[in-house]
Amino acid sequence: MKLYYSIAFVFLYLWEVILSTVSLVTLVVRPQLRLQPCFVDVPLDLEGQFSRFLFACLVSMTPGTLSVALDGERGVLLVHLLDSGDPEASIRELKSKIEMPLLRIFGPLNPRS
């Protein structure tokens, strides 16, 4: 089952990269560049160094976002967003589109009953 989720995630992630690239291009080619950059703390549900590191790398490879710092003790990733009118919505989007599929693949280290 994890193989299915892994393969599906590759295609979903590639689609997200394409959408982010198109969004970034439209931001750059607008006559007036009106960006709302910000830093956000993304609380992580992922456990384990590798899965958190992979999440941080995938966020950085998505156009318009950059992982800045990973606080393993607090379980928080500091992310710079190039343009975000609603930082809370951006956090929810990162968690639903990147972290949730990784949770399906890696699962929690300590499964809850």
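Lys 97 is partly exposed, with a relative accessible area of 34%. Here buried means under 20% relative accessible area, exposed means over 50%, and partly exposed lies in between (1.4 Å probe, protein chains only). The model is a predicted one: local features need pLDDT of at least 70, side-chain atom pairs count only at pLDDT 80 or more, and totals for chains, interfaces and linings use all residues. Residues are numbered from 1 along each chain as its sequence is written, and side-chain values use heavy atoms, with hydrogens and water left out.

Side chains of opposite charge can pair when their charged atoms come close. A salt bridge is defined as a side-chain nitrogen of Lys or Arg within 4 Å of a carboxyl oxygen of Asp or Glu. Five salt bridges were found in a search of the whole structure. One of them pairs Lys 97 with Glu 16, with the closest N and O atoms 3.6 Å apart. Lys 97 sits in helix H3 and Glu 16 in helix H1, so this pair ties together parts that are 81 residues apart in sequence. Helices (H or I, at least four residues) and strands (E, at least two) are DSSP runs, numbered from the N terminus. Glu 16 is buried, at 15% relative accessible area.

Lys 97 also meets Glu 93 in a salt bridge (3.5 Å, N to O). Both residues lie in H3, four residues apart, about one turn of the helix. Glu 93 is partly exposed, with a relative accessible area of 40%. Shared partners join Glu 16, Glu 93 and Lys 97 into one salt-bridge network. Another salt bridge links Asp 71 and Arg 74, whose closest N and O atoms are 2.9 Å apart. Asp 71 is partly exposed at 29%, and Arg 74 is exposed at 55%.

Helix H3 covers residues 87-106. The expected span is 1.5 Å times one less than the number of residues. A kink of about 40° lies at Glu 99, shortly before Pro 101. The bend is the angle between axes fitted to the seven residues ending at a position and the seven starting there. Buried residues of H3 include Ile 91, Leu 94, Ile 98 and Leu 102. The buried residues of H3 pack against helix H1 (2-29), strand S1 (38-43), helix H2 (49-61) and strand S3 (76-81), where contact means heavy atoms within 4.5 Å. Just after H3, Gly 107 takes a positive phi of about 65°.
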